[in-house]
Structures are given as C-alpha cells and as structure tokens.
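Here's a quick briefing to read with the model open beside you. Have a look at the picture first, then work through the points below.

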Amino acid sequence: MPGSDASAPSLPKAAKRVGRMELFLGFLKIGVLGFGGVAPWARRVIVEERAWLSEEEYASLLGVGQILPGPNTLNLAVMVGDRFQRALGALIAVAALMTMPLAILMAVASLYERFAAFPEVASAMSGTAAAAAGLVIGTALKMTRRLRPTRMAILFGLVAFVAIGVLRFPLIAVVAVLAPISIAAAALERRA
Amino acid sequence: MKPAPLWQIAGTFASLSLVAIGGANAVMPELQRQVVQVLGWMNDTTFASLFAIAQAAPGPNVLIVSLIGWHVAGLAGLAVASLAMILPSSLLAFGAGRVVTRLAGARAIRAIQRGLVPITVGLILASGVVMAATADHAALSILLTAGTAFYVFLSDWNPLWALSTAAIVSLLGSWLGLPA
C-alpha cells in the first residue's frame with residue numbers, strides 16, 4: 001500500500017459532498033417508499049437517484065451492514081450518515097429513516113385496533129399475515145438464488161434453518177455455535 | 001393485561017439487537033419465542049397481526065419491535081422498545097463502519113462475510129416458516145403464503161401488490177364461507 005495514509009485510495013472520502021438536509025430528505029424518502037422492506041429503495045435512492053455512493057462503495061458498506069447485527073438498512077444509514085456528516089450525520093440518517101414509517105405505522109395500528117372487531121378486517125388481516133410469511137420465504141429463496149452459494153454454504157444455511165425454524169432452538173445459542181464454524185470453514189475453503 | 005415493565009422491554013430488545021444478524025426478519029422466531037412463550041405478553045394471533053401490520057406499512061421491518069412495545073406498554077413502551085432495539089446495533093455499526101473504511105478489502109473481513117451470509121439466509125427462511133405456521137390455518141392461507149413466496153421469488157415487483165391481493169382474496173373467501 002503506498003504511503004501510510006489512513007484513507008484508502010479505493011474509498012475517497014471527499015468524492016462527494018452531501019449536506020445534512022440532503023441526507024435527511026434522502027433517508028426520509030427511503031423510509032416512506034420502503035413497502036415490504038427498505039433495502040431495494042435504499043440502493044435506488046443512494047446510488048441511482050442521488051449518486052452519493054458508487055455501486056461498489058454501496059455494496060461494500062451494505063456488506064458490512066449485513067454481517068453486523070441489527071437491521072441492514074439501519075446499519076447502512078449509520079455508516080452513510082457518518083461518512084458524509086460524521087456522528088451527527090449518522091443520527092440524522094437514522095432519525096429520517098425511522099420517523100415517517102413510525103408515524104404511519106402508529107396510524108395504521110390504531111385504526112386496526114379500532115376496526116379489529118369487524119370480521120372483514122380480521123379476515124383481510126389474516127390473509128395479509130399469510131402473505132407476509134410468503135414474502136419472507138420468497139425473499140430467502142431469492143437471496144439464495146442470487147448469491148449462488150457453494151455446497152458448504154447451502155449446508156450451513158440448512159443447519160441454521162433447521163435449528164431455528166424446525167427445532168426452535170434459541171437464536172443466540174445457534175449463532176454463537178454456528179457462526180464461528182461457518183467463518184472458519186469459509187476461510188479454509190478459500191485457502192484450499 | 002397489565003403493562004409490561006419498561007426495564008423488561010429494554011432488556012429483551014437490547015439483547016435481541018446485538019444478535020439480530022440479518023435484521024428483524026431473521027430474529028422473528030426468537031422475537032416470537034420471547035414475546036409469546038417466555039414473557040407471555042401476547043398470544044400467537046396477536047403477534048401474527050402485529051407482524052402483518054409491520055410488513056404492510058412502509059419502513060424497516062424492525063418497526064415490529066416498536067409496535068410490540070406500544071402494544072404492551074403504550075407510548076413509553078414504544079419509545080423504550082425502539083431505542084433498545086436500535087441503539088446497541090447502531091453504535092456497533094458506527095464503530096465498525098469506521099474500522100472497515102480503514103481496512104477495506106481485508107481478507108479476514110471477507111471470510112467473516114462469506115461465513116455469515118448462509119446463516120443469515122437460513123435464519124430468514126426459518127422466520128418465514130415460523131410465521132407461516134402461525135398464520136396458516138387452512139388451505140386458503142397456505143395457498144396465499146405459497147403464492148406470495150413464488151411472486152417474490154420470481155419477480156422484482158413491489159411485494160405490496162401480493163400483500164393487498166392476499167387481503168382481498170381472504171376477504172372474498174370469508175364472504176364465500178371458506179375457512180381461512
């Protein structure tokens with residue numbers, strides 16, 4: 001690596017300036033648009049519409065967001081906000097991402113509690129709940145297809161699925177046991 | 001039902017926050033186990049409808065935690081649950097983001113990512129199956145779950161279309177006297 005400069009040349013910090021208001025409005029939009037999950041909208045707004053980050057920069061930040069605990073998009077908001085406006089930017093991005101959806105959700109939920117006694121509402125909601133389960137299953141299948149996993153990756157995915165989904169083991173125990181083995185296996189596989 | 005104590009809400013969600021690799025959908029089974037079975041804050045049916053509301057509204061799916069907090073302890077519960085779920089993981093992301101920007105592309109980081117990705121996907125699939133077991137009680141709802149899964153798997157269209165179609169189909173089904 002040339003020199004001892006801490007900022008790697010692959011990630012130019014000052015490539016683009018994004019103001020606080022811009023940051024706020026961008027993440028506000030991501031939150032409001034994000035029906036059924038915000039991840040696709042985050043990429044659309046950050047990379048395509050506003051060009052805050054290149055495709056590669058976005059993918060590398062999202063990758064970090066995915067391996068950390070917590071919602072991927074929220075982790076991404078923290079890191080994008082920090083990159084452009086330091087700690088205050090992280091706070092702004094998270095607040096913008098959560099505010100509108102929270103307000104909408106409270107409105108929807110209080111309407112629901114008022115109307116839950118109607119059989120029509122109950123049956124529409126039970127249909128939505130069934131579909132929401134399908135949304136999660138379909139998302140997992142789609143991710144599997146796009147990631148093109150190795151046989152070993154499929155094995156670890158299946159073990160995680162069976163432990164949690166079928167045997168109903170506690171999550172913390174499963175992750176604590178499975179994650180180190182899977183990471184070690186990935187490191188060895190790469191070397192082999 | 002008596003409101004749940006705030007310290008219990010804070011403790012439950014703060015510890016979930018730090019293991020929620022893959023986001024809210026991946027911890028859904030654990031969320032349900034804690035909230036329904038361990039703490040007894042609500043039954044399966046209530047949990048399933050809160051989940052459906054959170055999915056139907058825009059925004060991060062983690063908002064189901066805010067909704068649970070609201071349900072068990074009002075506005076204070078909502079605030080405590082949201083902060084407890086968001087703050088620990090966000091602080092971690094903040095620190096990690098700075099470290100990774102410095103070490104971008106390091107081999108160890110890639111191995112960690114490659115090792116965790118399959119577990120993440122397995123956990124999400126488990127969530128879907130657990131939710132389906134809670135939500136599906138008849139042929140019609142099983143069909144709606146399967147239909148939506150295929151729709152999401154095969155297309156890139158907005159899942160909101162599938163969710164609202166399912167609501168309408170289920171409504172029509174109940175008018176025709178089908179069990180749901």
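Starting at the N terminus, the elements of chain A follow the order α-α-α-α-α-α-α. That makes 7 helices and 0 strands in chain A, where helices (H or I, at least four residues) and strands (E, at least two) are DSSP runs numbered from the N terminus. Keep in mind that this is a predicted model: local features need pLDDT of at least 70, side-chain atom pairs count only at pLDDT 80 or more, and totals for chains, interfaces and linings use all residues. Residues are numbered from 1 along each chain as its sequence is written, while chains are lettered from A and ligands numbered from 1 in the order in which they are written.

**Inside chain A**
- Take the contacts in chain A (C-beta atoms, placed from the backbone, within 7 Å) between residues at least 6 apart in sequence: 42% of them join residues at least 24 apart.

**Where the chains meet**
- On chain A, 87 residues are in contact with 89 residues of chain B.
- Helix 5 of chain A gives the largest share of the side that touches chain B, with 25 residues.
- Sorted by class, that side of chain A has 58 nonpolar, 24 polar and 5 charged residues; here Ala, Val, Leu, Ile, Met, Phe, Trp, Tyr, Cys and Pro count as nonpolar, Asp, Glu, Lys and Arg as charged, and the others, Gly among them, as polar.

**The largest nonpolar core**
- A nonpolar core is a set of buried Ala, Val, Leu, Ile, Met, Phe, Trp, Tyr and Cys residues joined through C-beta atoms within 7 Å.
- The largest one has 122 residues, and Ala93(A), Ala132(A), Ala160(A), Phe51(B), Ile64(B) and Leu67(B) touch the most other members.
- Helix 4 of chain A supplies the largest share of this core, 17 residues.
- Beyond its neighbours within four places in sequence, Leu67(B) is in contact with Leu105(A), Ala109(A), Leu50(B), Ile53(B) and Ala54(B).

**A closer look at Ile154(A)**
- You'll find Ile154(A) in helix 6 of chain A.
- Ile154(A) counts as partly exposed because it has 15 C-beta neighbours inside 10 Å.
- Not counting residues up to four places away in sequence, Ile154(A) touches Pro149(A) and Pro118(B).

Terms used. Contact = placed C-beta atoms within 7 Å. Buried ≥ 20, exposed ≤ 12 C-beta atoms within 10 Å, placed from the backbone.
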